[in-house]
Amino acid sequence: MGNIKIIKSEKTVIEKVEWDNLRFGVFFSDHIYVSEYKDGNWDNGTIKPYGAMDLEPANCTLHYGQTIFEGLKAFPSVKGGVNIFRPEMNGKRMVNSAEAVCIPPYPVDSFVEAVKAIVTMDKQWIPKKRGESLYIRPFSFGTGNFLGVNASDKYNFIIILSPVASYYKEGLNPVKILVETDHVRAVRGGLGNAKTAANYAASMLAGLQAHKKGFSQVLWLDGVQRKYIDEVGAMNIMFVINDELVTPTLEKGNILPGVTRNTVIQLANEAGMKVTEREISIDEVMEAHKDGSLKEVFGTGTAAVISPVGLLQYKGKEMIINDMKIGKYAQKFYDTITGIQYGELEDKHGWNVHLDI
Ligand SMILES: Cc1ncc(COP(=O)(O)O)c(C=O)c1O
């Protein structure tokens, strides 16, 4: 654990965990990792007991939202020990997010070391069942106390851990998605490709309204023409048109570069599938649905890995996709990625950081 200082918790709260009813983001492990930034440097980091933080009412982040986060998982491997899936990619994405909102980036190698250290420290919090995992939530925010729209001169980088249930109780489950036509999440030149709180705050009203109408999430269209597809609430989106995998390009800078998106693209390319990252309009999707070439739609993200979309609604028109059934590609990508994460399939790409703990 290098130079990381360790202050052990005197008590554990692990007995409070409802292992048969984990859900998402409800239980938090005994320790956190904290690194503080001041005078132009991040310190070596400390592992210390989880607990309330001191926050002054003038904390700049509460007012101006200078905060970013990440989300990744550690999986119990069938071969023993634990696999942390592609932490370096999350570390790199966090550097990009940091730059977007003027937070000093936390170095990627320190990020990976910190993740390994805190998972090792609280290894007894890693669920044992297939499908369950330890969710890792790194985040960083300004800790200065002042009013005024200026970047803070002090920051924290913190990691908390939460044992989480399998996203699917009984296998993959196709969801209903509403194509959002009133609200927008991101615009070119904005913060869309950064994992920063503002994007999630901006998405809540539309998400809530969609839930009330019976949809699980919204599909965002681009903020300028409201024509091209961006992404889903917390997932990237992919379309199988004939046998081609089409997904919105990262080039416009308004969608999050998902780790799962990148993983699926690599697997699809290796399987000889034609993969195209480009602009795709909602009209094109409607047309492909009409002429029968739209075979599958699915979301990709750390939480669900693959989330098949069974129904898309746009301007009152419903598109039923693949008879509301799980498509063969969605199933294949899901099986392959989870197989690698739980150590059942060979990790040819070196995506797992394995810890023998
Ligand atoms: C807005 C948004 N898009 C896409 C994703 C999927 O990214 P990943 O595959 O890295 O979890 C997430 C989840 O982190 C997200 O919040």
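1. Start with a term: a polar contact is a pair of N or O atoms within 3.5 Å. By that rule, Arg-93 holds a side-chain N or O atom 2.8 Å from an oxygen atom of the ligand. Thr-302 has a side-chain N or O atom 2.6 Å from a ligand oxygen atom. In Glu-231, a polar side-chain atom sits 2.6 Å from a nitrogen atom of the ligand.

2. How much of the ligand does the protein bury? Alone, the ligand exposes 390 Å², and the protein buries 97% of that (Shrake-Rupley method, 1.4 Å probe).

3. This is a predicted model: local features need pLDDT of at least 70, side-chain atom pairs count only at pLDDT 80 or more, and totals for chains, interfaces and linings use all residues. Residues are numbered from 1 along each chain as its sequence is written, and side-chain values use heavy atoms, without hydrogens and water.

4. Now the shell. The ligand is surrounded by 16 residues (a heavy atom within 4 Å). The closest are Lys-195, Tyr-200, Glu-231, Thr-260 and Thr-302. The shell divides into 5 nonpolar, 7 polar and 4 charged residues (Asp, Glu, Lys and Arg count as charged; Gly is among the polar).

5. Finally, the whole chain. It has 7 helices and 19 strands (DSSP runs of H or I, at least four residues, and of E, at least two). The C-alpha trace spans about 60 × 50 × 35 Å along its principal axes.

Definitions and conventions:
Polar contact = N/O pair within 3.5 Å; in protein donor to acceptor, adjacent residues only side chain to side chain.
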